[in-house]
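I set out here my notes on the fold and the contacts between chains. The entries follow the order in which I looked things up.

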Amino acid sequence: MKDRRIALSLVACTLGFMLAIQFQTTNHPKKQDKRDIWQLRSALEEEKKKQMELNKEVEKNEELLNDYQSRTKEYKLLAMKEALKDLKTEAGLTKKSGQGILIRIEPFNEELSGKIDPAMFPALLERLVNELNRYEAKDISINGERIISRSSIRLVNGKTYVNNEPISTFPIIIRVIAKDPKKLKSQIIASQSAEDFVRENLNITSKPVKHLTLPPYSKPIRVNYMKQVKEG
Amino acid sequence: MWLPVFGLIIGLVLGYLTDIRIPPDYTNYLSIAVLAALDTLFGGMRAHLQGTFEDKVFITGFFFNILLAGGLSFLGVQLGIDLYLAAIFAFGVRLFNNIAVIRRLVMDKWTNARKNQ
């Protein structure tokens, strides 16, 4: 009787041990950190940068809050209007001008490239816009269509549409406002998308311009996932 | 009767405290081993209630079942067949059978005890 109990308990103990290991393994699979010291350093640097940016954001918003609170009613309205204006500028609903670069996309000389019909695929434009944004472009417009966060670039019936407007005739002119146009220009020359354009028989040239004006985004912005909350 | 429960708790605590984790590729084997252990445990409880318990059978059954199930799934991996499903099926069916028998035996005991009162 005693042996039996001990045997049962031992088996139960083993079972419990295995169960615990199984739970631990399935719930938190072991992840190995394979980064070396330089990768860790750069990751740390990046996190620090992020923190600094967040701190700046907090500071900015706190300042705004202070602004609202400290001023009288009329000033409050004024401050709010100013904030609204800032937001509109940021959203791309206003005209904007500044220094930047002018990118021109056109087919190569037909005699040289043969008779292949060059076409503008949305994927090309998308990649170019993504790369421009990565290289710290501030604002972009393609053939007079302002690119904002809600802009679409898509293929409809074999034609490329930007903001639901067809972009079919060459040359395509892209205006980009940037802090450092010269740097952006050299980055674009060396970029992946420039190579891709060449592969599609399209020539891409860019030049820095002192003064550019981008049109505002003209379509209404539909807000799908936001609702107004009533006070009180 | 409380000793096995105590053992189970000790095993769980030990397992959590040691913080051992096995590679994800081997979780299949471990789960089968857990199933085999469960099967043996419930088989042992049933034998205990029926009065046919034997230490040697119990202990050898425990290790042999685990080894067999592990070996079968290993063979399955080598052959490209999910042979571990066979082990899971066999143990699952036996588990249900054993638990059903245990339930009946416990209920019988309980009703007998009430009648005798």
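In what sense do strand E1 (residues 96–107) of chain A and E7(A) pair, and over how many bridges? I found the pairing to be antiparallel, with 6 bridges between E1(A) and E7(A). I note at the outset that the model is predicted.

**Entry: strand E7 of chain A.** I then looked up the individual partners along this strand. A:Ile105 has A:Ile172 in E7(A) as its bridge partner. E7(A) also pairs with strand E2 (residues 137–142) of chain A, again antiparallel, through 5 bridges. There I recorded A:Ile140, whose bridge partner in E7(A) is A:Val176. I next asked how many of the residues of E7(A) are buried. The strand, residues 172–178, is mostly covered, with 6 of its 7 residues buried. For chain A as a whole, I noted that 23% of its 232 residues count as buried.

**Entry: the sheet of E4, E5 and E6.** I turned to another sheet in chain A, an open one of 3 strands in the order E4-E5-E6, with antiparallel pairing. Its edge strands are E4 (153–156) and E6 (165–166) of chain A, each of which pairs on one side only. Strand E5 (residues 159–162) of chain A is joined to E6(A) by 2 bridges, and the two run antiparallel. Within this pair, I located A:Val162 opposite A:Glu165 of E6(A). H5(A) packs on this sheet, where it touches E4 and E5 of chain A. The direction of H5(A) makes about 175° with that of E4(A).

**Entry: helices H5 and H7 of chain A.** I followed H5(A) to its helix neighbour. Helix H5 (residues 122–134) and helix H7 (residues 192–199) of chain A have axes 9 Å apart and pack at an angle of about 160°. Angles over 145 degrees count as roughly antiparallel, and H5(A) and H7(A) are therefore roughly antiparallel to each other. Their crossing is left-handed. On the H5(A) side I listed A:Leu124, A:Arg127, A:Leu128 and A:Glu131, which meet A:Gln192, A:Ser193, A:Asp196 and A:Phe197 of H7(A). By class, the residues of this contact comprise 3 nonpolar, 2 polar and 3 charged.

**Entry: helices H2 and H3 of chain B.** I then examined a helix pair in chain B. The axes of helix H2 (residues 27–50) and helix H3 (residues 55–79) of chain B come within 9 Å and cross at roughly 150°. H2(B) and H3(B) are therefore roughly antiparallel to each other as well. In this pair the crossing is right-handed. The residues in contact include B:Tyr29, B:Ile32, B:Ala36, B:Gly43 and B:Gly44 of H2(B), and B:Phe58, B:Gly61, B:Phe62 and B:Gly70 of H3(B). I recorded the classes for this contact as 9 nonpolar, 8 polar and 1 charged.

**Entry: chain A as a whole and its contact with chain B.** I counted 7 helices and 8 strands in chain A. Among the contacts in chain A with a separation of 6 or more, 78% are between residues 24 or more positions apart. I finally asked how many residues of chain A are in contact with chain B. The answer is 24 residues of chain A, which are in contact with 32 residues of chain B. On the chain A side, I noted 13 nonpolar, 7 polar and 4 charged residues.

How values were computed: Residues numbered from 1 in each chain as written. Chains lettered and ligands numbered in written order. Predicted model: local features only at pLDDT ≥ 70, side-chain atom pairs only at ≥ 80, totals over all residues. Axes fitted to C-alpha atoms, helices over the stretch in contact; angles between N-to-C directions. Helix = DSSP H or I, 4+ residues; strand = E, 2+ residues; numbered from the N terminus. Parallel < 35°, antiparallel > 145°, perpendicular 65-115°, else oblique. Left-handed = near helix turned anticlockwise from the far one by under 90°. Contact = placed C-beta atoms within 7 Å. Nonpolar A, V, L, I, M, F, W, Y, C, P; charged D, E, K, R; others polar. Pairing = 2+ DSSP bridges. Buried ≥ 20, exposed ≤ 12 C-beta atoms within 10 Å, placed from the backbone.
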